[in-house]
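Subject: Structure handover

Hi,

Here is the structure I promised to pass on. Please open it first, then read my notes below.

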2 protein chains.
Amino acid sequence: MFESAELGHSIEKAAYDQEVPALREALLDAQFDLASAKAFPVIILVAGVDGAGKSATVNTLNEWMDPRHILTHGFSEPSDEELERPHMWRFWRQLPPKGKMGIFDGSWYAWPILERAHGRIKDARLAQSLDQIRRFEEMLINEGALVLKFWMHLSRQAQKKRLRKLESDPLTRWRVTDRDWKHFEMYDAFREVAERTLRSTSTAEAPWTVVEATDPRYQRLTVGRTLLERLRARLDSPAPPSAAVRAPPAAPSIDGLNILRTLDLTRKTEKAEYETELETYQGRLNLLTRHKAFKDHNVVMVFEGADAAGKGGGIRRITQAIDARLYEITPIAAPTEEERAQPYLWRFWRHLPRRGRFAIFDRSWYGRVLVERVEGFCSEADWMRAYGEINDFEDQLARSGAIVAKFWLQISREEQLRRFHERQESKFKRFKITDEDWRNREKWDAYETAVCDMLDRTSTEIAPWTLVESEDKHYGRLKILRTLCARIEEAL
Amino acid sequence: MFESAELGHSIEKAAYDQEVPALREALLDAQFDLASAKAFPVIILVAGVDGAGKSATVNTLNEWMDPRHILTHGFSEPSDEELERPHMWRFWRQLPPKGKMGIFDGSWYAWPILERAHGRIKDARLAQSLDQIRRFEEMLINEGALVLKFWMHLSRQAQKKRLRKLESDPLTRWRVTDRDWKHFEMYDAFREVAERTLRSTSTAEAPWTVVEATDPRYQRLTVGRTLLERLRARLDSPAPPSAAVRAPPAAPSIDGLNILRTLDLTRKTEKAEYETELETYQGRLNLLTRHKAFKDHNVVMVFEGADAAGKGGGIRRITQAIDARLYEITPIAAPTEEERAQPYLWRFWRHLPRRGRFAIFDRSWYGRVLVERVEGFCSEADWMRAYGEINDFEDQLARSGAIVAKFWLQISREEQLRRFHERQESKFKRFKITDEDWRNREKWDAYETAVCDMLDRTSTEIAPWTLVESEDKHYGRLKILRTLCARIEEAL
């Protein structure tokens, strides 16, 4: 992996000075085209060994191009707000929008490499991390991002020479600390982990470029040329990257039986019982939110279901039970302009709660495999890959301590019709019913197929779907509350 | 202030049960109209004494209305990200967009009241805080927000009774802590400061509603009715609030002399000297950013100037000298959809840097008193009030430790014409010149008047403008660097 970056590459000053002006001009041109088209973002990772000129490279890129269109982020210790979300949150929040470049000095690779090199995690955990990273980058690429990854390399010998040289000069001696020498002692361990990491994350769409860092001129030119080449290629033939489809959705069952149709919609709770139970579970939920251990968790709730199935009513029975400062409800409608300039899941990442809090999504990221699939708002490849992306997302939520509770509310076609009419007649609820609801209703069967696929492919042990028979509102609401309480109790 | 909230107000259950359904329906209707029109946001502050049902009130509002359109925020200890910005940053980041309600449980009033009640600040500091709050709320109102402020009140006697009652019941005893009794001992001090605060911040447009909190039914109905009444009134007669104009801008000077015309644009630095000086100041700037004391500050830079005056070049000479991870450049173009749904200054607040970092604005909040004024993009009242709002904003920046450095780059009309032609001929720079630039050029005189007003009204001791003679690029760039270094040195 690193052999060809230990050959002593270098560029003469004259050759460098001759090439740079044309390179800068071409980079500026490409950057201008990128900003005008606003078609995709460019994500540049700068990683590598200590002292291999990572920051200098970042500075050079900012100097050579128009820094107004470059967002540079250095990552060191996470802030407390970052610590209370999944590990990747801090990177999601800094993703560049379409038309911009984001330079990541330090990135999602730092944690697994350092933890493994220091022996704080085992090989299996490293492999798992790298697998997650590969899928994350695959998602970025499928969303249109151009991803460039640079690894700045210094051989053991070159690293030692560099530290010695800095030490020998009184003006630079202060830059070499004990920590640097300690890191140097770890050189071999670090190199081994890095090599394994690069090998396993160098994909066709997001390959690593290993850059020898002994000669700054060589280093800068290599980075500049690589960036130009890949950016230009992408600008000039903007073929959308072919999305990797992991597996086709299940074929509709041939006997017409599916999980939705097996639900017993006649389940019912009488009013008196409902009121007692409601109070019991709301009280229980309230106590759970004050439980000491709840401070280490948060709850991410998803409500999906047919129109008029009672999502709003279900949500309200939950929020009645908890302190209003502890929850945020995010109704999912059309994305904003800033959201459209980002990967699909970005708009949900931005609403993730801190610990001790609830995020309630009224419709959710499942829109991709429901309405967007049925209405043809995205390509088949897009919604097909969404299943895997969603599972990855929820996996990260769960691993960060979130309790992920997803509810599908089901009613019959007849009951829906009855509720539509009822809503139209009620002054109180008339705003809840629109022409779109009537149109959706005509696509009942297509939605049913989409829902069954969704349940098959995204009901996981850590983030299970709960099917809620909502024909009787009382029964449905209680089932939601009961399930939620049980999930939280289980986690505490 | 509190007398009429100590009368023992209460509402019978029957009357309450009869009124609530109609009130909820009317509130839901109003909320629906608010969300459809997206014309203004509603900001509801819930403040008051301990145990006066603040959270219960917030919950009730969420229960009565559609919680999907309500953003509720509780404020306790600020996060580390919040601590590194001006005090008001945490409130700005949570402002509801147009069409939504934002409920603030705890607000910008908590700090001054508690600090004064505990004797940690003096009267003068309290007065200053309240003055700042008044201006902040005035800005919100001028930006169209409907601001409702509720103060939940309990008399000394009622407070004592409440604590005793909680203590006497084994089920609720845990809710009364030593801290509660300590707070109770401070009741009189707290009341006095609260009274003063309410009196001095009850304005015609954002009056306080003091609500007696002994009877929850009375309390809820009062809040609900007040909200409905004010929201309905605003929805039904959406007359824009008349902006308070503090003082008209200066009349153009009668002798044709102005500060821009007195600049000596013949100032020049020869190339050789420029290169030596550039290196000197860039080195000095770099060292300053590594100074230990710099970690307690951040730098907010504003670049304004005629088209082609050299803003980009000036910025680049600065960014060359500092670690790319330490700065973010924000080029100001048209606001995004999310930004348009917020007060004018919101889009700048969101880019404020953490400590130890630079925020560089390429054009800025001064657009309001320059391009928006000249082109008529906003009303006269809007740009007139902007001077004061901007001064308040920069004052908050400076008080939080920011070094605010503002540069106006000036060139002659002739030099601008020369540069426009030069740009059009250069492949390298052609994208920098647009039709708009030619149109702006025709309004040279109107811009000159606007700039002079701006300088007169916003060059303050804490955030002074530096006029940069940029006819000679070398001279201009050095002046910027020199000024910046001096400002930072002065602060450290």
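First, a definition: axes are lines fitted to C-alpha atoms, for helices over the stretch in contact, and angles run from 0 to 180 degrees between N-to-C directions. A second one covers the elements: helices (H or I, at least four residues) and strands (E, at least two) are DSSP runs, numbered from the N terminus.

This is a predicted model, where local features need pLDDT of at least 70, side-chain atom pairs count only at pLDDT 80 or more, and totals for chains, interfaces and linings use all residues. Residues are numbered from 1 along each chain as its sequence is written, while chains are lettered from A and ligands numbered from 1 in the order in which they are written.

**Two helix pairs in chain A**

Start with helix 7 (residues 156–168) and helix 8 (residues 178–185) of chain A. Their axes come within 11 Å and cross at roughly 165°. Helix 7 of chain A and helix 8 of chain A are therefore roughly antiparallel. (Angles under 35 degrees count as roughly parallel, over 145 as roughly antiparallel, 65 to 115 as roughly perpendicular and the rest as oblique.) Helix 7 of chain A passes helix 8 of chain A in a left-handed crossing. (That is, the near helix is turned anticlockwise from the far one by less than a right angle; clockwise would be right-handed.)

Which residues meet here? From helix 7 of chain A come Gln159(A), Lys160(A) and Leu163(A), and from helix 8 of chain A come Asp180(A), Trp181(A) and Phe184(A). (Two residues are in contact if their C-beta atoms, placed from the backbone, lie within 7 Å.) The residues of this contact divide into 3 nonpolar, 1 polar and 2 charged. (Ala, Val, Leu, Ile, Met, Phe, Trp, Tyr, Cys and Pro count as nonpolar, Asp, Glu, Lys and Arg as charged, and the others, Gly among them, as polar.)

Now take helix 1 (residues 13–37) and helix 10 (residues 216–236) of chain A. The axes come within 10 Å and cross at roughly 30°. Helix 1 of chain A and helix 10 of chain A are therefore roughly parallel. Their crossing is left-handed. Residues of helix 1 of chain A in this contact include Leu23(A), Ala26(A) and Leu27(A); those of helix 10 of chain A include Leu228(A) and Leu231(A). By class, the contact has 11 nonpolar, 1 polar and 6 charged residues.

**Domains of chain A**

Chain A is assigned domain 1 (3–236) and domain 2 (271–491). (The bounds come from an automatic or database domain assignment.) The C-alpha centres of these two domains lie 39 Å apart. In the contact between them, 18 residues of domain 1 touch 18 residues of domain 2. On the domain 1 side, helix 4 (89–92) and helix 6 (123–142) of chain A each supply at least two residues. Helix 6 of chain A gives the most, with 5 residues. That side has 8 nonpolar, 3 polar and 7 charged residues.

**Two sheets in chain B**

In chain B, 5 strands form an open sheet in the order 2-3-1-4-5, with parallel pairing. (Two strands pair if DSSP finds at least two bridges between them.) Strand 2 (70–74) and strand 5 (208–212) of chain B each have a single partner strand, so one side of each is left without a neighbour in the sheet. The twist averages 20° from one strand to the next. Strand 1 (residues 42–48) and strand 3 (residues 101–105) of chain B pair over 5 bridges. There, Leu45(B) stands opposite Phe104(B).

Another open sheet of 5 strands has the order 7-8-6-9-10 in chain B, also with parallel pairing. Its edge strands are strand 7 and strand 10 (465–469) of chain B. Strand 6 (residues 298–305) and strand 9 (residues 402–410) of chain B pair over 8 bridges. One bridge joins Gly305(B) to Leu409(B).

**Where the chains meet**

How many residues of each chain are in contact? The count is 34 residues of chain B with 34 residues of chain A. Helix 2 of chain B gives the most to its chain's side, with 5 residues. The residues on that side divide into 10 nonpolar, 10 polar and 14 charged.

Best wishes
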